[in-house]
Amino acid sequence: MVWTTFAELAAEQGYVVLIYDLYGRGSSEAPYAPQTPSLFSSQLAELFFKLQHAEEIPSGLPTSLIGLSMGGAIAVKFSNSFHVLVDQLILIAPAGLGAPIPWFTPLMDIPYVGDWLMKILAPYAIQQRISSLYGNYGEDNWEGKLAIAEWSKSLSSALANQFEKHPGFADSLLATIRDFPLTDMEYEYKALAKAAPDLPIHFIWGENDTTCPPPTKQHLQQLVPGSHVHMITGAEHD
């Protein structure tokens with residue numbers, strides 16, 4: 001749902017757009033494996049090669065890889081491992097650069113306790129998060145394609161459906177919390193300079209992001225020399 005409107009608008013402009021569900025989310029399978037950057041990077045590579053082989057993605061087109069939050073961290077890992085496939089990297093509030101750790105995160109690592117919290121409390125907590133995010137919007141300050149009430153209801157329904165009907169959704173979220181270095185991937189960002197020194201890289205960040213607070217422009221450009229940093233005034237993470 002995050003990328004649907006963007007994909008539609010990009011397609012209208014003549015771009016070929018590929019959006020997909022990460023393992024354990026949406027309609028994708030949930031493999032019993034550590035939910036690491038390598039797993040998700042390999043998933044995208046396999047999908048990309050398969051679609052190219054089936055000629056569903058035209059060969060020769062320049063590829064812009066765009067990732068948001070955890071997707072940004074995955075895009076960095078992918079660009080390090082498969083840089084020949086990427087012509088431009090766009091990172092929107094990417095994870096892995098020192099985001100604050102929620103107080104409950106250590107509890108999720110405890111066997112059985114984390115499983116119980118994920119299955120019983122997480123659905124409620126996520127619904128509360130949606131209400132918190134969109135509760136301050138009215139039709140006068142909302143620019144979404146759907147009316148704000150319809151969008152919020154649709155998002156809540158989709159998440160509830162995932163918890164209820166996707167057999168691996170809760171387990172995949174829990175495995176991601178346990179296995180994915182959401183706050184510590186600076187080494188992957190630094191590696192970009194060596195793996196793909198000529199790759200155009202853009203950081204886009206909301207100045208008011210508290211989920212993945214933006215590092216300073218100077219720090220980002222030290223991590224990834226030559227990168228471009230774009231800060232959006234008044235914008236948050238979601």
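Why does serine 41 count as buried? The second view below answers this. The model is predicted, local features need pLDDT of at least 70, side-chain atom pairs count only at pLDDT 80 or more, and totals for chains, interfaces and linings use all residues. Residues are numbered from 1 along each chain as its sequence is written, and side-chain values use heavy atoms, with hydrogens and water left out.

**View 1. Helix H2 meets helix H3.** Helix H2 spans residues 37-53. Helices (H or I, at least four residues) are DSSP runs, numbered from the N terminus. The axes of H2 and H3 come within 9 Å and cross at roughly 70°. Axes are lines fitted to C-alpha atoms over the stretch in contact, and angles run from 0 to 180 degrees between N-to-C directions. H2 and H3 are therefore roughly perpendicular to each other (65 to 115 degrees). H2 contributes Pro37, Ser38, Phe40, Ser41, Leu44 and Ala45 to the contact, and H3 contributes Met70, Ile74, Lys77, Phe78 and Ser81. Contact means heavy atoms within 4.5 Å. By class, this contact has seven nonpolar, three polar and one charged residues. Ala, Val, Leu, Ile, Met, Phe, Trp, Tyr, Cys and Pro count as nonpolar, Asp, Glu, Lys and Arg as charged, and the others, Gly among them, as polar.

**View 2. Serine 41 in helix H2.** Serine 41 lies in helix H2. Serine 41 counts as buried because its relative accessibility is 2%. Buried means under 20% relative accessible area (1.4 Å probe, protein chains only). Leaving aside neighbours within four places in sequence, serine 41 is in contact with Ile74, Lys77, Phe78, Ser81 and Phe82.

**View 3. Helix H3 alongside helix H8.** H3 covers residues 70-81 and H8 covers residues 186-195. Their axes come within 9 Å and cross at roughly 30°. H3 and H8 are therefore roughly parallel to each other (under 35 degrees). Ala73, Val76, Lys77, Ser79 and Asn80 of H3 make the contact with Glu188, Tyr189, Ala191, Leu192 and Ala195 of H8. The residues of this contact divide into six nonpolar, two polar and two charged.

**View 4. Threonine 176 in helix H7.** Helix H7 (residues 169-179) holds threonine 176. Threonine 176 counts as buried, at 4% relative accessibility. Not counting residues up to four places away in sequence, threonine 176 touches Arg25, Gln35, Phe40 and Met70. A polar contact of 2.9 Å joins the side chains of threonine 176 and arginine 25. Such a contact is a pair of N or O atoms within 3.5 Å; within protein, one must be able to donate a hydrogen and the other to accept it, and residues adjacent in sequence count only if both atoms are side-chain atoms.

Key
Helix = DSSP H or I, 4+ residues; strand = E, 2+ residues; numbered from the N terminus. Parallel < 35°, antiparallel > 145°, perpendicular 65-115°, else oblique. Buried < 20%, exposed > 50% of the residue type's maximum accessible area, 1.4 Å probe, protein only.
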